[in-house]
Amino acid sequence: MQRFTPLVFVDDLASLEVSAELGHHLGTVRRLRVGDQLFVGDGLGSVRAVEISAVRPRVRLTPVAEIQTLVRPEPPVGIAMFLPSNERLAWAVQKLTEVGVDRIDLLIDAGDRRGGAKLSDAGMARLNRIAREAAQQSEQPWLPRVYPPVDAKTFFARANHGVAVLDPAGGRLMSNTTTLVIGPESGKFFSPPEAPRVSLGLPILRIETAAVAGAVVLASLRASLVCICDKF
């Protein structure tokens, strides 16, 4: 895998305009100086090598290469998970981004620990900021889509093939699984009878632990680092 060290995101790879927040990150946190090189990305798979041409009064970037657009790994993989506590959810989004999932669907249900309560706009903004920072840290050229919470029935109605529910008592994971649903810790939530239930061979896990464990398996399958034999 090609590395992009260090990597930061900008809104426009052509203009390379640096926000005050990003300028502070580059000049104060990372302590980069004039002449230092880095990569900038748009979060959609395009990156560009640039050089710092000024630090004061504000950071300025100069391109040293053309924009490079990468081919996104296929198939896209995702995790759909019920909401743990805010801090545990933030941790999950961070780690799922580092693993390389393409989408994170958040689920709610009247029977979950939050009583079906949704996240505020500020809460969603925080999760997207965490995903952005995690993608930069792990040099991921693609940002995951973090979707606001919906009830499980709505999610399954919209879901395509490849969705399976993670269940310690479930069957074997099939090679065509691309999205794993992580239920609430009560284990009680709506799922259609036709949705396959699969196991990773692990004991009962916290929501965020199960989410990351499942994501690692899906990402490894996509990269052909592990193989599942669907037939004995």
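## Aspartate 105 and its surroundings

Beyond its neighbours within four places in sequence, aspartate 105 is in contact (heavy atoms within 4.5 Å) with Ile79, Ala80, Met81, Tyr147 and Phe155. The model is a predicted one: local features need pLDDT of at least 70, side-chain atom pairs count only at pLDDT 80 or more, and totals for chains, interfaces and linings use all residues. Residues are numbered from 1 along each chain as its sequence is written, and side-chain values use heavy atoms, with hydrogens and water left out.

Aspartate 105 belongs to strand E7, residues 103-108. Helices (H or I, at least four residues) and strands (E, at least two) are DSSP runs numbered from the N terminus. With a relative accessible area of 9%, aspartate 105 is buried; buried means under 20% relative accessible area, exposed over 50%, and partly exposed in between, with a 1.4 Å probe and protein chains only. Its side chain and that of arginine 103 are joined by a polar contact of 2.7 Å. Such a contact is a pair of N or O atoms within 3.5 Å; within protein, one must be able to donate a hydrogen and the other to accept it, and residues adjacent in sequence count only if both atoms are side-chain atoms. Valine 181 is 76 residues from aspartate 105 in sequence, yet their C-alpha atoms are 8.9 Å apart in space.

## Helix H5

Helix H5 comprises the 16 residues 207-222, which should span 22 Å at 1.5 Å a residue; the end C-alpha atoms are 23 Å apart, in agreement. The expected span is 1.5 Å times one less than the number of residues.

Twelve of the 16 residues of H5 are buried, so the helix is largely enclosed by the rest of the structure. Among them are Ile207, Glu208, Val212, Leu218 and Arg222. The buried residues of H5 pack against strands E6 (78-82), E9 (163-172) and E10 (179-182), and against helix H2 (86-99). Just after H5, serine 224 adopts a positive phi of about 60 degrees.

## Overall architecture

The protein contains five helices and eleven strands. Its C-alpha atoms fill a box of roughly 60 × 40 × 30 Å along the principal axes. Of its 232 residues, 45% count as buried. Among contacts in the protein with a separation of 6 or more, 68% are between residues 24 or more positions apart.
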